Amino acid sequence: MPDGSTSAKPRFRLAIVGGGIAGLTLAVALGHYENRASPIEVHLYEAGPEITTVGAGISVWPRTWSVMRHLDLYDQLSRASVQSFGNEDDDLKPAFIFRKSDWPREGHEFGRVMVPNGSTTMHRADMVDVLVKNLPESCSVHTSKRLLNYSETSKEDGSTVYTLHFADDTTAEADVLIGADGIKSKTRASMFDYAHGRDCSLEVKREECERCSRATPKWTGTVGYRYLIPTERMLEVNPEHHALKIKAPMSYSGKGKVRIRSDSCRPQRLTRCVGSQHIITYPISHGKYLNWIGFVTIPGGEGTTYPQKWVIDALKDDMIAHFSGWEPEVEQMIQLVEKPTLWAIHVVENLPFSVSGRVALMGDAVHAMTTHFGAGGGQAIEDAYILGRLLADPRTSLARVSDVFRIYQDVRLPFARGVVSNARKAGLMYEFNWPGLYDGSPVQGVPEEEALVVEKKQLAELGAAIQEIWQWQWKERFEDQWEEAETQFEQLMRPAPMVEGAATKSRRIKICVVM
């Protein structure tokens, strides 16, 4: 493990809070572009006793592979993936398969997202292992450091020092702080506490402020049953199962079959209702397992407070009830799901800003999203690359960090917020809930065979809409964002022309309203 040793005097002390994919990739990017004559003292603080990960599978798309090539990690990650990402940009392969499955007959495939070189999947732990192996010597890793909050102290020279307060009653100081601490980010909470006290009406609580309340994660109204199905067991049940034959994520979609019981003594059960569902499955760990997630959306749940812990052990009987009467392939998978866990899906939506002074947020701390694009990890990696390159440049002095952070925010925040929004839209499409497209309603007034033809036509239109909403993954180049950041950075570094008598006045602005 790197020990942070270096010979040259560091420009400043940088604290990265969070040892997940976001924080690790940032540390790797800082090391990759490090100027040894002008280093940064980097400290990475991980809440757990070791560097590990939450969740099982992760999808890696063309934009993410582009970043990994720049960081010289392509070969290592390619070896860890289920199938390698190729080099022929015009070679379209299936990256996501969609089936209508909420009927007892064989499912109907209604859409394929075709992506250059298809999709690649892997276990999150495999990606974390690659990142840990590539941590630079200039990065010191500190485990069992769960952040509670940070405080700001002004020095005599006008600069600010950030003191990190950890759950083990220890503290650490930093000149620059980056929160890569996930959807429940304590860095984000402290940032918005300070910003609310500085900018907003003190008569309004932060949780009720129109601006600052957006720092609180929002329940999407969806829960997910998670389990890893051993591939060997699936082969025993059905060796021709599509989840085995197609090396790409598959969505088994349906609507209107939810039956959730209310039982205050058993928190695994929610309120009885009828909603929508879909199942996502894809191979990980070199095909050893099928990552399986059964999503259930509760009507009216979005934006409400989730009534239980976000992750709990699930009741298999309830999980089975959600997908009762679905196609045989679904029934076959469900019989192999032995001890599922239940996850409440939350997001961070429309965060108004992601930097404040010399504090910045990245990854899920700023744009936690639904899993419907499989893009959360990729977006965190893009954050890390741009932040890492900007900070590693020796021209980024401590005095310029806040300006550099604003460039990062200007380039990354609007784009990431758009991905969060479109991921929500994609999820609604998967469960037949997007206005104007197939909604799962039976065709009335015509014979059954004719109704099925009409239904399949509507499903084909839905499939085309899903293909369209996915195209940002390969048509919008990540390099364009870096080039924009680089352009703004070079403009920042140009000497400013002298303007005599120029002065600005600041005034306190009340911008909050009670929600």
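Okay, housekeeping before we look at anything. The model is predicted, so local features need pLDDT of at least 70 and side-chain atom pairs count only at pLDDT 80 or more, while totals for chains, interfaces and linings use all residues. Residues are numbered from 1 along each chain as its sequence is written, and side-chain values use heavy atoms, with hydrogens and water left out.

Let's start with the whole protein. Its secondary structure comes to 15 helices and 19 strands; helices here are DSSP runs of H or I with at least four residues, strands are runs of E with at least two, and the numbering goes from the N terminus. There are 515 residues, and 54% of them count as buried. Buried means under 20% relative accessible area, exposed means over 50%, and partly exposed is in between, with a 1.4 Å probe and protein chains only.

Now the helix pairs. Two packed helices are described by the angle between their axes and the distance between the axes. The axes are lines fitted to C-alpha atoms, for helices over the stretch in contact, and angles run from 0 to 180 degrees between N-to-C directions.

The crossing is right-handed; that's the near helix turned clockwise from the far one by less than a right angle, and left-handed is anticlockwise. On the α12 side the contact includes Asp403, Ile407, Arg412 and Phe415, and on the α15 side it includes Glu484, Gln488, Phe489 and Leu492. By class, that contact has seven nonpolar, two polar and four charged residues. The classes go like this: Ala, Val, Leu, Ile, Met, Phe, Trp, Tyr, Cys and Pro are nonpolar, Asp, Glu, Lys and Arg are charged, and the others, Gly among them, are polar.

So who else does α12 pack with? That would be α13, residues 448–470, at an angle of about 160 degrees with the axes 10 Å apart. α12 is therefore roughly antiparallel to α13, and this crossing is left-handed. Asn422, Lys425, Ala426, Met429 and Tyr430 of α12 make the contact with Leu462, Ala465, Ile466, Ile469 and Trp470 of α13. The tally is eight nonpolar, one polar and one charged.

From α2 we have Arg63, Thr64, Val67, Met68 and His70, meeting Gly378, Gln379, Ile381, Glu382 and Tyr385 in α11. Those residues divide into four nonpolar, four polar and two charged.

On to single residues. Val237 sits in α6, residues 231–237, and is partly exposed at 32% relative accessible area. Leaving out residues up to four places away in sequence, Val237 touches Gln332, Gln335 and Leu336. Val237 and Leu336 are 99 residues apart in sequence but 9.0 Å apart in space, C-alpha to C-alpha.

Lys339 is in the loop between α9 and β17, and is exposed at 72%. Lys339 and Leu228 are 111 residues apart in sequence and 9.4 Å apart C-alpha to C-alpha.

Ser356, in strand β18, is buried at 13%.

Last thing, backbone angles. Most residues other than glycine have a negative phi. Asp72 has a positive phi of about 60 degrees; Asp72 lies in the loop between α2 and α3 and counts as exposed at 54%. Asp169 has a positive phi too, near 70 degrees, in the loop between β9 and β10, and Asp169 is exposed at 73%.

Key. Contact means heavy atoms within 4.5 Å. Angles under 35 degrees count as roughly parallel, over 145 as roughly antiparallel, 65 to 115 as roughly perpendicular and the rest as oblique.
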